[in-house]
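Visitor: I have a structure open and want to go through some side-chain contacts. Can we start with the rings and then move to the helices?
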Amino acid sequence: MTDPLALKVSDAVADLLADPATALRGPAAVSYRQHLAYGPTGVALLHIERAAVGLGPWQRAHDWLTAATREPFTSGPDSHPFYGAPAVAHAVVCVAEHQPRPYQRALADLDAQIDRDVRRRLDIAHRRIDAGHLPQLAEFDVIRGLTGYGAYLLQRDRLGPTLNRVLHYCVRLTEPVSDDGETVPGWWTATGPSGRPDQRFPGGHANNGMAHGIGGVLALLALAARHGNTVGGHHDAIRTILAWLDRRQENSGTAWPYWVTRAELREERLAPSAPRRPSWCYGTAGLARAQQLAALALGDTRRQIEAENALASALTDPAQLKATTDNGLCHGFAGLAHIAARAADDAHHSTAAQLRASIPSLLASVCPPDIDPATTATALVQDEKAGPGFLDGAAGVALALQAPASGAPPTTSWDSCLLLA
């Protein structure tokens, strides 16, 4: 089943973002130039995917990558998977899958730089573990840390030695540690979810999210295993994370908290909370997809079905959907539709139809019936808060609409940076 209206909105957004010279203006164009989340590399992903499926010209993708690379990108300690050289590398990988010749040299240079950066980060991380200190979120998360680098390496060299080193690190991260005389999981951080000290989180927290927490680590370990790459302790690490999440289920096992505080850890009981949005970055949608992938990697059909049922429940729960207030890829309705489509493609025969049945209403939240596609696209592109970019903005919405509205999975690996596939 296809959704022509959502596809027309996606088409209209792409047309409005055809030319980087007119689509990105003002201070944001300068300050976000190196950001995959907000800058030209993220918009390039939209045009790369569309060109790969024959919906637009390759020239648009080339123009956006040219706009992104007119000046050198930051590399080394000041870069991370969503900023600087690694960010542009993700876009270059996606275009090189279909247009390899113009990008071979640039990709080789980027790979070499990323390899150096990852090895340096791993050395620091292992020294930290050996010293018995707690990690920072930015050490391991998807947006800024080693899990995000692992997502890139999984696309580039699935059996490569540097990816294996990242996977070994992820295994070590799941080993419990002692902090102030208490045993905490190895991914426990002394800060709040922002990565900074926070009085609301005395004693720190364990982050469960896909973007900044152990959910991303779980997805990376699961995807690597599905691609045939496992290291010592790999499956045990997956089971450790799953057991942690099992002990913290909410809503009769259909939701998980964004994080766990020190008080909740001590009491083995979660504090009451209002329903939260089931997004990719935090919440049930991203975590359920990660657990589905883990179950597939382990060959655990029971757990797979449970994860798929949890996702289907979140995508149809009025309370959780009421907490979803935007359309973006990261934590909006378009992102939920994309996750539903990805999960449905891998789902057990007993749950696949239920997941697919949730998609039309999610698409309708972005593209209500009887709207004008051009008007809707203009509103998305001109939204001053969300902007035209990938993670929150119009390009990400247009990308996320494509698979659920067309019924076909992405042709490029644009969503590999989110560890959804």
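This is a predicted model: local features need pLDDT of at least 70, side-chain atom pairs count only at pLDDT 80 or more; totals for chains, interfaces and linings use all residues.

Visitor: Which parts of the chain does the pair tie together?

Guide: Tyr258 is in the loop between α12 (234-246) and β4 (259-261), while Tyr282 is in the loop between α13 (262-267) and α14 (284-298). The pair therefore links parts that are 24 residues apart in sequence.

Visitor: Is Tyr258 buried or exposed? And what about Tyr282, buried or exposed?

Guide: Tyr258 has 11% relative accessibility and counts as buried. Tyr282 is buried too, at 12%. Under 20% is what buried means here.

Visitor: What is the geometry between Trp259 and Tyr282?

Guide: Their ring centres are 5.7 Å apart and the planes stand at 85 degrees, so this pair is edge-to-face. Trp259 belongs to strand β4 and Tyr282 to the loop between α13 and α14, so parts 23 residues apart in sequence are tied together.

Visitor: Which residues form the aromatic cluster?

Guide: Phe201, Tyr258, Trp259 and Tyr282 form one cluster.

Visitor: Where does the charged end of Arg276 sit?

Guide: Over the ring of Tyr258, 4.8 Å from the ring centre. Arg276 also lies over the face of Trp259, at 5.5 Å from that ring's centre.

Visitor: Helices next. At what angle do α17 and α19 cross?

Guide: The axes of α17 (residues 333-346) and α19 (residues 359-366) cross at roughly 155 degrees and come within 8 Å. Angles over 145 degrees count as roughly antiparallel, so that is how these two helices run.

Visitor: Left-handed or right-handed crossing?

Guide: α17 passes α19 in a left-handed crossing.

Visitor: Which residues meet there?

Guide: From α17, Phe333, Ala334, Leu336, Ala337, Ala340 and Ala341. They meet Ile359, Leu362, Leu363, Ser365 and Val366 of α19.

Visitor: Last one: where does Thr351 lie?

Guide: In the loop between α17 and α18 (352-357). Thr351 is at 2% relative accessibility, which counts as buried.

Visitor: What is Thr351 in contact with, leaving aside neighbours within four places in sequence?

Guide: Thr351 is in contact with Ile305, Glu308 and Asn309.

Technical notes: Residues are numbered from 1 along each chain as its sequence is written. Side-chain values use heavy atoms; hydrogens and water are left out. Helices (H or I, at least four residues) and strands (E, at least two) are DSSP runs, numbered from the N terminus. Buried means under 20% relative accessible area, exposed over 50%, partly exposed in between (1.4 Å probe, protein chains only). Rings of Phe, Tyr and Trp (its six-membered ring) pair if their centres lie within 6.5 Å; planes under 30 degrees apart count as stacked, over 60 as edge-to-face and the rest as tilted. A charge sits over a ring if NZ of Lys or CZ of Arg is within 6 Å of the ring centre and within 35 degrees of the ring normal. Axes are lines fitted to C-alpha atoms, for helices over the stretch in contact, and angles run from 0 to 180 degrees between N-to-C directions. Angles under 35 degrees count as roughly parallel, over 145 as roughly antiparallel, 65 to 115 as roughly perpendicular and the rest as oblique. A crossing is left-handed if the near helix is turned anticlockwise from the far one by less than a right angle, and right-handed if clockwise. Contact means heavy atoms within 4.5 Å.
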